[in-house]
Each structure stands twice: as structure tokens, then as C-alpha cells.
Amino acid sequence: MPKKSQLSVPHTSSTIIAADEDNNNPPPNDDLPPPPVDHDDRFNYALLLALYTLQGIPMGLSASIPFLIQQKVQMLASSVHHATAAAASDAALNSAAASSSNSLAELTKTAYNAQAIFALCSWPFSLKLLWAPIVDACFSKRFGRRKSWLVPIQLIAGMLMVGGSGYVEQELGLDNSNNGVAGAAASSGTTAVEEAAKSMNVQGVTLFFFTLYFLMATQDIAVDGWALTMLSRKNRGKGPICNSIGQNIGYFLSYVGFLALNDAESSENLWRPLLRLPSRPGTGLVSLGGFVKFMGSFMLVITVLVGLFKKEIDMSIEGGDCCTIGCGGDRSNTDMETLLPKNDVEDDDDDDDEHEIDAYEIGIMETYHRLWSVVKLPAVQSLILILLTYRLPCALSDNVKFLKAVEFGLSKQTTALLSPTIILPLGILVPIIGTKIWQGHPLKQFMFAYKFRVTFVALVDVLMLLAVRSFRGGNTILVGGETMSRLIVWGLLIASTALQATVHSLQFNAQMTFFAHRVDPAIGGSYMTLLNTFGNLGGTWPSSVIMYMIGQFTIPPDCSVGEDGSEVCTGGRDAYFPLQLVLSTLGCIWIIVMGKRVQHIAELPDDAWRTHIDNEDEEEMQQLKKGGKHA
């Protein structure tokens, strides 16, 4: 841990002015002090990466839960088959087959209903704008403006993960063995759906992760604000880079790391021999409860270190504790105005050409008032409509595709390893290339990627799933022998993953670039948070809807026991494929209808995105002054 002198002190206007005065009036003697050392932010970069990594851990863990739910459902489906086979030995073939079909149908609905419910846990990140002004305006100066929220929030999250680790595993029913569930279903006469309801409390797990997401969304607000004062002025632009890298590290650490270490086959064939651990067939190296507890402990350790050894210094705020609720008649905090540098002070830094309004400066209510003024702008309303609708035609690829692949026989480990090997590198390279190709025209980049996303990418996804179902699930040789079939499956799997990652990165990069060039600099941070909120909502609400639709429209095949005692299944319908056709058609309609609106907002001048509230306030003040003179 560095010494106190090594900790970063933000460059404020007061320190810059003082430095300029010293330069204009050098000491008379020749013993001049050495020139100031360039601001070293390396420790601050490391700290921001650590804080953003903590933020990505619950995200990665929540991304692995749908695969565990799918695994649990497959285990219950296996119990149905076992119960059917047992009934067949008692010459109850017809009733057993009918019971099996009904149970599988209800089990499919139960599975995707559970996925739809769990998808709600990520909503806090889409709604954090609702309480972001409160986090910015209320704090304890003695402890630190950002640490006042950061430390208690992370302590609560860490303790929740440590204390609730066993609860998550228990509520998902992961401690039940396959044979135990099957035996219970056969002996008690209950259906598989009833067993699923007893052994899986998805609502409780959803509430657990919803709380974690809420805490991490609040932590994100605090860390984003702290980065502005923690880093020197010339390095503030690197804060979002720390955000992106840190979140990805935390996400992949908890998502890929957990699924790889939890996979029983990989643990037995790779990890235990590598670590020289005793063999335990059928058991993963780590359990969900143990992994959650370890990550919670890691979060607590980092939080304690930050609370004890990192001193927050914010030279722009003086006095004691603060919570600015209202804003007075002139819509400003008078105490803050005396602390902020005057507008007539010249600053050579190009990054601060226009002062950005802070929630502490104007108060909570005025911050909400300004955000509502942004929402009422016609240009912003058109953009909101686009953001809330364009992700629905892509919902299957975004939320269901890999779950279906696992259902058809693809291993969880393979699915997890696709993220760091394909998705992460493309997520870094594609935005760089896209910016060079469509320089200055982000919405053209957006529409180009979207056209491929709803047509060609959707087609490749369907071909990949059909290939996985035929080869992995049914052990069918596709063409040219087993080796060639395996190559086809892997080729389609890689193509599907790479294409989706490419178009997603192109659209996300275009979206963020457009936001940055259109926001009103006077309220830039809040403006960006507002647009990102609607962008997140556009991807959040379709996930629950599409999961529910998959469960409702999927019809399992009718299964019966043949004369040789083997199970024969016919008919049935997987809702993924007809729904993909419907959503691709809907995407093409969206391009035709909304494409003109996208082009329209791309051509709007900058003035269409400005609220002009500050100009209105100045006019009101001038009118009041004139009225006072006349009086």
C-alpha cells in the first residue's frame, strides 16, 4: 500500500490558480525548487479497476444462474423418464406415456417461466438514474463524498454474499441428487412440476440477485463520480476505460471461472489432476455456495482496505455533512457558488470548456427537474422510442440461444469458454475498426449492424442450433462422417458467437458515440446516465417477455415405450424456431418504419438536444432585476 504522499490529489481550479501565481512570481534566490512531478495515477488506476471488478462479480454470477436452472430442469426431466420406465415395467405403458408427456409440457413452461422471473434481477442497473442524484448530493464530508456510499454499500453486498451463499444453493435445489429427485417422484406419486416447485425457489434467488444488483448500481454511481476527482484532469478520460476493463474482469472471473470450475467433467479430467486433488466423479471443483462465499469475502477485504487506507480528497467541497434537497428561488446552492471557481477564471484545459452542473451544486429536486426537461425534448423522445424497441427482434439471440444450445447437448464449459476466447477480443477490436470505417456517422454504423443482426445473424443462429441438436443431442452424422460433422458444428458455433459479438459491439459503440456527441455539456453526466438508462431498459424488458413466450409456445414431443422397452418420441414443437422467424420479420419491419426516424435524429443540429435551462434562468434573473429597478 503506497504512502500517504503517493495518494492522488485532484487538480482543482484553486490549486491551478495558485500554481500560476507562483510561476508569475518566482522566488528571488537561485535555489528554485525542482519542477513539479507529473501526476502519477497508477495507484488510482489499480484502485478503480479493483472497484469496477467488484461490480462485475455479481453480474457474472447472475449470468451463470440460467445455466444452473437449465441443468436442474434437465435433471427433473430425467426423473420423468425414470418414472415412466418404472411404470412401464408394471404394464402401465399408456398411462405412463401420457403422464410423461404432460409432465414434460408443464416442466418446459416451468423452466422458462423461471428464466423469465430471474431475468428481472438486472433491472436496478437500468433504473439507477432514479436515485443517482441522491447519491451525488447526500454524503458525509468527514468520511468522504464517495466513500460515504461506497464503503457501506460494498460491506452490505459482501456480507450478503457471504451470509446468503448457502441460501442461493439451497433455493435452487442444487444439493439434491438426480436419483433422489427421481426416487421422490416415483415413490410419492407427485409430478415433476411439483418437484420443481419444491426444489427450486426462483423468486427467492431473483430477490437475492436483485438486491445485489441494486447495491452494485449504487456503487457504480459512487465510483463513476469518484473517478472524476480521483484521477488528474488530463487522465479523467481514462475512467470509462477502467470501468469497461474492470467490469469485464469481474464478469469473466465469476461467470467463466465458476462455470469452468463447477463443471463435473472438467473438474475430474483437468482441474483435480492439475491441482493433485483426490478424485470425486460427478462433483465440480467448487459449488455455487462456496464460490459466492469466496467472492463475498474478496469484496469485504477490498472494501476494508479502501476504507482504511484510501483517503478521499475533494477540494471543491468544504464544510460538514451535506444533503442538498431543494435549490432555492434561484435554482442554485449559494454556499456552493462561493466555493466554485468564478467563470472569469481562464483555464487552459480544453476538457473543461463548459462547467458541468453537479447535483450537490443545484440540489436533488433541480437535478430531477433538468432531467425531465431533457425527456421532453422531441429529439430525445424519438431516441428513447428507438432505444426501447430495437432490441426486441434480437431477444432470442441475446437471451435464449446459448440456453437452447445447452439444452440440446452443448456443455456449460464450452459455452463459458466462448466468452473470453471470442466475445472479449471482438468487443475490443470491433469498436476500433468500426470507428475508422464510419467515422463521424455513428448511426449509419448502427443501422448497418442492425440489418445483419436481424437477418443473417439470426439465420446462422438457427443453423447452429439445428446442428447442435442433431449431432450432440441425437448423435446424428450430419455429412461426411463424424469428424466432418463435428467441424460443421464447431464452425457454426464459432460463426454464431463471433457474428453476434461483432454486431452487438458495432451497435453499442455507435450508440455510445452518438450519445457523447449529442448530450448537453452543461448536464453531461446526468444526460448520459439518462440515455444509458433507456438503452439498458431496451435490452432488459425483452428478456423476460421472450423467456415467457418460449415456455408458453413450446410443445414437448409425445413419448411412448416401444415393444423393446425403449422410449419413442414423436411430434412436439420447439418455439425457438417459429419465434425467430416472427422476430426477424418484426426486425425487418422495424428497419422500414424506424429507419427514417433514425436518419432524422442523425441529421438534427446540436441545438435540438439542448434544454437551454441556464439561458432561461438568466433571462428570469434579468427580468427580476429590471422589475426591482422600476420599483
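**Note on the predicted model: packing, rings and voids**

1. The side chain of S148 comes within 2.9 Å of the backbone nitrogen of S140. This is a predicted model, so every value here is computed from predicted coordinates. A polar atom of the S148 side chain also lies 2.4 Å from the backbone oxygen of G144. S148 belongs to helix α6, residues 147–171.

2. Is S148 buried or exposed? S148 counts as buried because its relative accessibility is 17%, and the cut-off for buried is under 20%. Setting aside residues up to four places away in sequence, S148 touches F139, S140 and F143.

3. The charged end of K147 sits over the F143 ring, at 4.9 Å from the ring centre. A second case involves R469 and F408. Here the charged end of R469 sits over the ring of F408, and the distance to the ring centre is 5.5 Å.

4. Now the aromatic pairs. A pair of aromatic rings is described by the distance of the centres and the angle of the planes. How many aromatic pairs are there? The count comes to 17. Take Y251 and F252: the ring centres are 5.5 Å apart and the planes stand at 85°, so the pair is edge-to-face. The cut-off behind that label is an angle over 60 degrees.

5. Y251 has a relative accessible area of 26% and is partly exposed. F252, at 13% relative accessibility, counts as buried. Both residues belong to a cluster: ring pairs link F67, Y251, F252 and Y255.

6. Y390 and Y450 form another edge-to-face pair. Their centres are 5.9 Å apart, with 70° between the planes. What does this pair tie together? Y390 lies in the loop between α16 (378–389) and α17 (395–399), while Y450 lies in helix α20 (residues 442–454), so the pair ties together parts that are 60 residues apart in sequence. Y390 is buried, at 3% relative accessible area. Y450 is also buried, at 0%.

7. The largest cavity involves α16 and α20 again. Together with α22 (481–518), each of these helices supplies at least two residues of its lining. The cavity holds about 70 Å³ of space. Its lining consists of L383, I386, L387, L443, F446, A510, Q511, F514, F515 and I601. Which helix gives the most to this lining? Helix α22 does, with 4 residues. In total the structure holds 4 cavities of 30 Å³ or more.

8. A510 is one of the residues lining that cavity. A510 is found in helix α22 and is buried, with a relative accessible area of 1%. Leaving aside neighbours within four places in sequence, A510 is in contact with P442, Q445 and F446. F446 lines the largest cavity as well. A510 and M447 are 63 residues apart along the chain, and their C-alpha atoms are separated by 9.4 Å.

9. Next, an open site. The second largest pocket has a volume of about 840 Å³. It is lined by 31 residues. Which of them lie nearest its centre? They are Q71, N262, A264, G282 and K412.

10. At least two lining residues each come from α2 (42–88), α10 (239–262), α11 (264–275) and α19 (412–437). Helix α2 has the largest share of the lining, with 7 residues.

11. Finally, the overall picture. The protein has 25 helices and 4 strands. Of its 631 residues, 47% count as buried. Among contacts with a separation of 6 or more, 84% are between residues 24 or more positions apart. The contact between A510 and P442 is listed for a residue of α22, and the Y390–Y450 pair ties together parts 60 residues apart.

Notes:
Residues are numbered from 1 along each chain as its sequence is written. This is a predicted model: local features need pLDDT of at least 70, side-chain atom pairs count only at pLDDT 80 or more; totals for chains, interfaces and linings use all residues. Side-chain values use heavy atoms; hydrogens and water are left out. Rings of Phe, Tyr and Trp (its six-membered ring) pair if their centres lie within 6.5 Å; planes under 30 degrees apart count as stacked, over 60 as edge-to-face and the rest as tilted. Buried means under 20% relative accessible area, exposed over 50%, partly exposed in between (1.4 Å probe, protein chains only). A charge sits over a ring if NZ of Lys or CZ of Arg is within 6 Å of the ring centre and within 35 degrees of the ring normal. A polar contact is a pair of N or O atoms within 3.5 Å; within protein, one must be able to donate a hydrogen and the other to accept it, and residues adjacent in sequence count only if both atoms are side-chain atoms. Contact means heavy atoms within 4.5 Å. On a 1 Å grid over the protein atoms alone, a cavity is a set of points where a 1.4 Å probe fits but cannot get out, and a pocket is an open set with protein on both sides within 12 Å along at least five of seven lines; lining residues have an atom within 4 Å of a point. Grid points are joined across faces, edges and corners, and a volume is the space filled by probe spheres set on the points.
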